[in-house]
Structures are given as C-alpha cells and as structure tokens.
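Visitor: Could you walk me through this one? I'd like to go through a few parts of it with the coordinates open.

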Amino acid sequence: MHRGVSIFARRIFLSSRVVGTSNGFLFSKLNPLSPSFHGFSVCRVFSFVPAHRRTPDPDDPSTLMKEDGVSVCSQMWIENFREPDRIISNLTTYLRRFELWVLAYQKVCADEMGAYMPRNAIQRSALEDLLALRNAVLDSKFKWGARLEFFIKSPKDKTDYESLSKRKIKAILTTTQPAAFQDKIVQEVLFMILEPIYEARFSPKSYAFRPGRNAHTVLRVIRRHFAGYLWYVKGDLSTILDGMKVGMVINALMRDIRDKKVIDLVKAALVTPVITSKIDEGEKKKKKKRKYQKKRVLADDEPKPDPYWLETFFGFAPEEAVKNPSWGHCGILSPLLANICLDELDHWMEGRIKDFYSPSKSDVIWNSPEGEADQGNTSWPEFVPTSGPDKTRKMDYVRYGGHILIGIRGPRADAATLRKQLIEFCDQKYMLKLDNECLPIEHITKGIMFLDHVLCRRVVYPTLRYTATGGKIISEKGVGTLLSVTASLKQCIKQFRKLNFLKGDRDPDPQPCFRMFHATQAHTNSQMNKFLLTIVEWYRYADNRRKVVNFCSYILRGSLAKLYAAKYKLRSRAKVYKIGARNLSRPLKEKKGQSPEYHNLLRMGLAESIDGLKFTRMSLVPETDYTPLPNNWRPDHEKALLEFIMLEDPRTLEEHRRCIREQGLVSPQDYISMLVWNYKRNATMDQTSLMNTIDHRILGSNLGSLGSKAKELEEHDESFHAAEV
C-alpha cells in the first residue's frame with residue numbers, strides 16, 4: 001500500500017513540474033522546496049482521488065446520435081438545392097440516421113402532448129423502443145395501421161393491450177381509430193427526407209401545402225402579374241386530392257427517386273386498407289340517454305383543444321383551401337404526394353406559357369423578347385384595355401391545391417384551344433375526365449372568384465399632365481384599367497351563414513352566438529376580438545378591406561348583443577348597447593339590467609377587465625396592403641439557402657476578388673499580406689507597430705497567425721525584388 005501511495009505521489013510531482021513551466025502558481029504550491037509549501041498541501045495532494053471516466057454503454061441508443069437532427073435536415077436541404085436535378089438513389093442512408101428518428105419523435109410528441117420535449121428529457125426506454133422501430137422499418141418488418149402490437153407507444157397512452165377484454169379488442173379492430181403513434185413517427189421521418197428533395201424541384205407556380213407560400217402569396221402574385229389579362233380559365237381538379245391510383249403516385253416518385261426501401265414504404269402506406277367502420281347505432285343511442293355530463297378535466301399532458309375563435313376561423317376557410325388530401329396511411333405525406341403528382345401539370349403549363357408568348361413592340365406592358373421584364377407597372381392603370389393583333393399575346397398560371405387559374409391576353413379562341421389541350425393532358429396523365437363546364441372561360445368584366453376574392457377590371461380616369469411644345473403644361477383626362485382584387489361580400493355572408501352567425505341573404509340578420517352562453521362577458525369579447533383580428537389579416541390585400549371587415553364586425557357585434565340580451569334578460573339589442581356601450585365594453589351583469597360606473601367597479605376590484613369589440617367603426621380598420629411583390633419572388637428560406645450555396649462556391653469568391661481588382665480596391669487579405677511583406681523587408685518595423693497597423697477586427701488573432709502567410713510570401717520575395725527594380 002505504501003509503495004502505491006509513493007508511486008502516485010511521484011506521478012503528481014512529475015506532472016506538477018511539467019505544469020509549473022507554464023503556471024508558476026501551481027508549481028510553487030506543489031514544490032516541496034517552495035517556502036509556501038506546508039503539510040496541508042501534502043494532505044490535499046495525497047487525498048486527491050482521480051475521477052474515472054465512465055466507459056460508454058454500447059447498448060445505449062443515445063450513442064447513435066452523432067449530431068443534432070436539425071443539422072442533418074439542414075444538410076439535406078443544402079445538398080438538394082445545390083443539385084436539384086440529380087436522381088436520388090441513397091435515401092436509405094438518411095433512413096438509418098437515428099438523429100432524424102429522435103427529431104420525428106419530438107415533433108409527434110409535441111402534437112400529441114401539446115409541449116415540446118427536449119432531447120435530454122427522452123427516457124432511455126423510449127429511445128430503445130424508437131431504435132426497435134427504426135430497425136423494423138429497415139428490415140421490412142414494420143406494418144402500417146397496427147392496432148394492438150406496437151414497437152413504441154405514445155407517452156400518454158397507458159393502455160395495457162394484453163389485458164383487454166374481447167369486446168374492447170373487437171371495438172379497436174373494427175371501428176375507426178386515430179393513426180397509431182408509431183405510424184406518425186414513420187410519416188414524419190419520410191416527410192423530412194422527401195420534402196427537401198421535391199421543394200428544390202417544384203414549380204414556382206404552385207402555392208398550397210408548401211413552406212413559405214400561402215393564399216396571400218397567390219393574391220399578391222395575381223395582383224402583380226395578372227393585370228393585363230382579359231380571359232381567365234378557372235379549373236377545379238380537387239378530385240385528384242381525394243385519391244389517385246397507386247401506380248400513378250409511385251411512377252411520379254420514381255421519376256426522381258430510385259431508392260427501393262423508401263418507395264416500398266410509401267407504396268405500403270397507400271395499399272394498406274384503412275378501417276373506417278362506424279360505431280353501432282345502439283351505442284349512439286345509449287350515449288344520448290345521458291342528460292347531464294360532467295365537465296371533462298384535461299390531463300396534465302393532454303393538449304388543449306382549439307379555442308373557439310380559431311375553430312370558427314377554420315370554418316371561414318375558402319372553398320379552395322377546405323380540402324386537405326388524406327391518402328391511406330400516408331398522413332402528413334399526403335399533401336406532399338399530391339403536389340408531386342400535380343407538379344407535372346405545373347411544368348407542362350410552364351412550357352405552354354413559354355410557347356404562347358408573342359411580344360409586340362407597340363405594346364405598353366410586355367414588349368421584351370424574354371417576357372420577364374415589365375415595361376410598366378401592371379398594378380397601375382395601363383392604357384391597353386383591349387387585345388388585338390398589335391398587342392402582346394401572353395398568359396400566366398397559378399395553382400393552389402387542386403384549383404388552377406389561367407390568365408390569357410389574346411383572343412378567346414386561344415383560351416378555348418388551351419382548354420382543349422388541358423383536358424387531353426389530364427385525361428392522359430391522371431385519367432381525369434374533364435369537360436368544358438369544369439374549365440369555364442370567363443371575361444374579366446364578369447368577375448372571377450378565386451380564394452373568396454373577386455378579380456375584376458376597374459376603369460379609371462387618371463389625369464395626365466405633360467409638357468407640350470413651347471413649354472406649355474397640358475392636363476387632360478385619360479382612360480385606363482386597373483385590376484381590382486376585392487373581397488366577396490356574398491361569399492362572406494355565405495360563410496357566416498354556415499357558422500350560424502346570421503340568417504338571410506339580401507338583408508342579413510345576426511343570430512345569437514349561443515355557443516358562448518356560459519362564458520363570461522370578458523372571455524366572449526376576447527374570443528370575438530381574436531376572430532376579428534384574423535379576419536383583418538385574411539383580407540389584408542383586398543381593395544375593400546375596410547368595408548368587409550366593418551361588415552364582419554357588425555355581424556359579430558349584433559350576434560353578441562342578441563346573446564347578451566337573452567343571457568341577461570334585456571329584451572333587445574338597443575338595451576344592451578345602452579348599458580354596455582357601442583363596443584360592449586361595460587359590464588352587463590346586474591339584476592335589473594342597470595350597471596354602475598365601470599371605473600368604480602374596476603377600482604374596487606369587483607369587475608374584471610372587459611375589452612370592447614374592435615373595429616366598430618370603419619376608420620379603425622387598417623388600410624389595404626399594396627406592397628408590390630418583387631419579380632422572381634422566392635420565400636425567405638429559399639433565398640437564404642441559395643445565398644449560402646452561392647457563398648460556398650469558390651467561383652463566387654474569385655469573382656468578388658476580380659471585381660475588387662478591376663475597381664482598384666484592396667481586399668483585407670491583400671492589405672494584410674502587403675503589411676506582412678513590408679514587415680519582413682523593413683527591419684525598423686517591430687511587431688508592436690505592425691499589430692497597431694493591422695485592424696484586429698480584420699485580423700482576428702495575434703502576430704503568430706501571420707507566420708504561415710509570411711512563409712508563403714518568402715517564396716515570392718525575389719519576384720518582388722525584380723518588380724521593385
């Protein structure tokens with residue numbers, strides 16, 4: 001034992017001498033010859049116990065996570081945007097990455113439980129189950145739509161499936177059940193792998209089910225690029241979103257992907273039948289017999305349901321955005337697969353647009369051979385209200401989900417020819433039988449409804465001022481056309497009627513919102529204000545934004561007034577407005593309908609703060625957003641990706657250097673190189689003056705970092721001498 005202690009002490013002293021060469025304080029503390037050395041230090045030295053490094057457990061799944069899952073996804077996006085046209089054949093490599101499975105588990109847990117789970121909070125048992133699921137997918141042992149046997153279960157699923165009765169097992173196997181937790185994880189992993197591949201290839205003409213694009217983007221594109229079109233072809237291909245033949249979907253995938261494992265997974269998700277049996281009528285009747293039901297209390301890990309205002313706004317969605325594809329067991333993959341199938345239509349239309357373009361030099365808007373540069377602002381009055389042989393022939397196209405809109409500038413015969421070609425294309429590619437009624441041709445003067453907005457041509461008479469010969473300023477009235485994108489009041493009334501907020505068509509009458517009968521006045525007003533704010537944002541780009549939002553505020557205010565009149569027995573809306581004010585901000589809860597001064601109640605703490613309804617007057621509604629959409633617009637994440645790829649390209653760096661040399665400027669690197677060369681040539685310049693000369697923000701280190709640069713410059717010293725002579 002004494003021998004082991006002496007050897008250990010000798011090792012410490014030897015290491016202390018080595019350390020002491022760089023740290024005098026540590027050496028003096030451990031040196032026996034030092035005056036400050038005393039017995040207590042020796043005790044501390046000998047009482048030191050070295051910490052043994054724990055050997056990693058080879059069976060721990062966390063050892064498979066080499067890097068963060070987000071960085072893996074970022075690398076996939078960069079690789080696909082760098083080479084968007086390459087054929088992908090090695091997706092199984094990403095399918096093996098355990099980081100993606102952990103990230104998918106975190107996303108699905110956030111949807112299931114309503115809270116994000118950090119990676120260090122995931123239990124080891126969950127990681128082991130997740131690893132078993134990954135191995136089952138790689139070994140082709142995973143089956144979609146499992147009901148009783150799972151590789152991994154949701155953290156909130158406490159059901160013991162082995163001890164269930166036969167009746168419950170039969171109900172699980174024969175009735176409609178939500179998607180299994182493990183199915184959602186596999187869907188999420190496939191989505192993270194496939195989305196960057198196809199986002200780099202998708203046409204910029206599609207805007208639904210894609211990141212960074214929404215219905216507002218479509219409206220801005222229409223306002224920016226569709227101003228000069230007279231004929232419009234509006235098509236409804238939403239039957240494709242209901243489902244397609246499996247062979248067509250797989251063929252669309254195999255155009256760009258040749259990985260058998262991923263293709264087989266998607267094919268199995270499409271082929272496996274989904275059980276959609278309904279509950280027996282007898283069970284429904286038994287449930288209806290209960291008159292009183294207790295208010296259900298949510299569990300701690302259970303997500304809250306959507307609030308009333310958000311649920312109401314979802315019911316306010318336009319026709320083009322209502323249908324969300326759901327194919328087999330694909331789940332969140334379904335919208336992506338629908339866009340993959342319809343992407344061929346988008347590229348076919350891009351070819352038709354390029355072939356159809358025929359510029360005319362006498363045109364005001366489009367007269368360039370490329371057709372991209374606009375010779376005028378198409379969102380402003382242009383004096384070309386008609387088309388003819390001396391006008392440019394041009395068309396454009398947008399697709400939102402299963403709905404398309406084509407704008408054509410030219411004779412109606414061109415629109416009819418395009419419609420015929422489109423019907424033939426859909427019949428050949430998608431086996432979709434369309435007729436002329438599915439693709440109507442409408443003139444701009446009749447108004448075209450798209451995304452609950454009406455596109456129409458408004459004739460304006462701007463004043464033209466110009467200087468004639470002799471310097472005389474002449475003012476005269478001109479005639480022009482302006483594309484108007486207005487919100488449809490008729491469609492707005494239809495949506496409110498569907499939500500039971502009003503009845504009637506020509507003279508809409510607000511109806512009480514009995515859904516909020518048991519809520520307090522403050523909570524009810526708060527919910528309606530949030531709904532109004534979303535309405536204001538939805539009609540952001542409508543020309544009649546103030547008018548339509550004021551109408552929505554009138555409907556909601558009248559509905560709440562009727563609700564409060566029935567709740568507090570005030571008989572009429574006029575009585576409610578008299579007590580609660582125009583915006584219903586004063587408390588109404590009184591026995592006789594009389595309310596004392598509201599500020600006194602607030603000061604005494606007897607009334608909760610009640611926010612009045614917003615936008616009760618038209619002047620309070622914000623104006624329409626006319627911010628022009630830039631030409632060749634891209635979402636922010638795509639611009640960041642393309643800029644990052646461009647900066648990584650060495651040709652970009654060389655081009656920047658060439659531009660700097662051509663303009664006679666000096667780059668920071670050349671400036672540092674020149675100073676280092678002068679330092680080596682000039683013996684009078686010391687290191688301090690050199691460091692003071694060089695900006696530390698450019699250099700970022702001390703003089704030692706210049707050694708390698710100076711060594712490289714020594715080889716060119718003789719050439720510098722020759723140049724100097």
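Visitor: Is Arg213 buried or exposed?
Guide: Arg213 counts as buried, because its relative accessibility is 9%, where buried means under 20% relative accessible area, exposed over 50% and partly exposed in between (1.4 Å probe, protein chains only). This is a predicted model in which local features need pLDDT of at least 70 and side-chain atom pairs count only at pLDDT 80 or more, while totals for chains, interfaces and linings use all residues. Residues are numbered from 1 along each chain as its sequence is written, and side-chain values use heavy atoms, with hydrogens and water left out.

Visitor: Which residue does Arg213 form a salt bridge with?
Guide: Its partner is Glu638, with the closest N and O atoms 3.2 Å apart; a salt bridge here is a side-chain nitrogen of Lys or Arg within 4 Å of a carboxyl oxygen of Asp or Glu. The pair links distant parts of the chain, 425 residues apart, with Arg213 in the loop between α9 and α10 and Glu638 in helix α23. Helices (H or I, at least four residues) and strands (E, at least two) are DSSP runs, numbered from the N terminus. Glu638 is buried too, since its relative accessible area is 1%.

Visitor: Which residues are linked in that network?
Guide: Glu199, Arg210, Arg213, Arg634 and Glu638 are linked in a network of salt bridges.

Visitor: And how many salt bridges does the count come to?
Guide: The count comes to 32, and among them is one between the side chains of Glu344 and Arg255, at 3.2 Å from N to O. Glu344 lies in helix α16 and Arg255 in the loop between α12 and α13.

Visitor: Switching to strands, why is β3 described as largely enclosed?
Guide: Seven of the seven residues of β3 (residues 403–409) are buried, so the strand is largely enclosed by the rest of the structure. Strand β1 (residues 231–236) runs antiparallel to β3 and is joined to it by six bridges, and β2 (residues 394–400) pairs with β3 in the antiparallel sense over seven bridges, pairing being called when DSSP finds at least two bridges between two strands.

Visitor: What about the turn between β2 and β3?
Guide: The two strands form a hairpin with two residues between them, and Gly401 in the turn has a positive phi of about 70°.

Visitor: Last topic, how many residues does the largest nonpolar core have?
Guide: That core has 152 residues, and those with the most contacts inside it are Trp101, Tyr105, Ile185, Ile406 and Phe496. A nonpolar core is a set of buried Ala, Val, Leu, Ile, Met, Phe, Trp, Tyr and Cys residues joined through side-chain atoms within 4.5 Å.
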